[in-house]
Amino acid sequence: MTDLVIVDYGMGNLRSVSKALEHVAPGARVVVTGDPAEVGRAARVVFPGQGAMPDCMRELDARGLRQAVREVSAARPFLGICIGLQMLFDRSEEGDTPGLAVL
């Protein structure tokens, strides 16, 4: 099991998030991945994002990460950053886009 996974769905500044987490948790193994199975095995998950909700949801679905993110957000320590948090809601007014419906 990976200590800490940063979800890579093609949106956001993953290197900055990774470097920040390595700084505050120097003993943790931090992995940036777009692999749904690896996301599902993580002890802790960070879901960053940047951009517009319709684009982010489209990229999340295109990479097959929707279900993995929904499952881990309900079961483990989980941090959504910026649009990564907003995507957890039922819907966004931005483009009238359905979210992950976790919150």
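At 22% relative accessibility, Phe-78 counts as partly exposed, a class that lies between buried, under 20% relative accessible area, and exposed, over 50%, as judged with a 1.4 Å probe on protein chains only. The model is predicted, so local features need a pLDDT of at least 70 and side-chain atom pairs count only at pLDDT 80 or more, while totals for chains, interfaces and linings use all residues. Residues are numbered from 1 along each chain as its sequence is written, and side-chain values use heavy atoms, with hydrogens and water left out.

A pair of aromatic rings is described by the distance of the centres and the angle of the planes. Rings of Phe, Tyr and Trp (its six-membered ring) pair if their centres lie within 6.5 Å; planes under 30 degrees apart count as stacked, over 60 as edge-to-face, and the rest as tilted. The structure holds two aromatic pairs. In one of them, the ring centres of Tyr-9 and Phe-47 are 5.1 Å apart and the planes stand at 45°, so this pair is tilted. Tyr-9 belongs to the loop between β1 (4-7) and α1 (14-24), whereas Phe-47 belongs to strand β3 (residues 44-47), so the pair ties together parts that are 38 residues apart in sequence. Here helices (H or I, at least four residues) and strands (E, at least two) are DSSP runs, numbered from the N terminus. Tyr-9 is buried, at 0% relative accessibility, and Phe-47 is buried with a relative accessible area of 0%. The rings of Phe-47 and Phe-78 have their centres 6.1 Å apart and their planes at 50°, so that pair is tilted. It links distant parts of the chain, with Phe-47 in strand β3 and Phe-78 in strand β4 (residues 78-80), 31 residues apart. Through these ring pairs Tyr-9, Phe-47 and Phe-78 form a cluster.

The strands come next. Strands of a sheet pair through backbone hydrogen bonds, either parallel or antiparallel. In this model, four strands form an open sheet in the order β2-β1-β3-β4, with parallel pairing; two strands pair if DSSP finds at least two bridges between them. The edges are taken by β2 (30-33) and β4, each with a single partner strand, so one side of each is left without a neighbour in the sheet. On average, neighbouring strands of the sheet are turned by 20° against each other, direction ignored. Three bridges join β1 to β3, and Val-5 stands opposite Val-45 in β3. Three bridges also join β3 to β4: Val-45 stands opposite Phe-78 in β4, and Val-46 has Leu-79 of β4 as its bridge partner.

Helix α4 (residues 66-75) packs on the sheet, touching β1, β3 and β4, and its direction makes about 120° with that of β4. Axes are lines fitted to C-alpha atoms, for helices over the stretch in contact, and angles run from 0 to 180 degrees between N-to-C directions. Ser-73 is found in helix α4 and is buried, with a relative accessible area of 15%. Leaving aside neighbours within four places in sequence, Ser-73 is in contact (heavy atoms within 4.5 Å) with Phe-78, Leu-88 and Val-102.

In soluble globular proteins, nonpolar side chains tend to be buried together. A nonpolar core is a set of buried Ala, Val, Leu, Ile, Met, Phe, Trp, Tyr and Cys residues joined through side-chain atoms within 4.5 Å. The largest core has 20 residues, of which Val-7, Tyr-9, Val-39, Phe-47, Leu-60, Met-87 and Leu-100 touch the most other members. Each of β1, β3, α3 (53-62) and α4 supplies at least two residues of this core, and the largest share, four residues, comes from α3. Apart from this core lies another, of seven residues, among them Ile-6, Leu-14, Val-17 and Val-46.

The cysteines complete the picture. A disulfide is a covalent bond between the sulfur atoms of two cysteines, counted here when the sulfur atoms lie within 2.5 Å. The structure holds zero disulfides. The sulfur of Cys-56 is 8.5 Å from the closest cysteine sulfur, in Cys-82, too far for a bond. Cys-56 is buried, with a relative accessible area of 0%.
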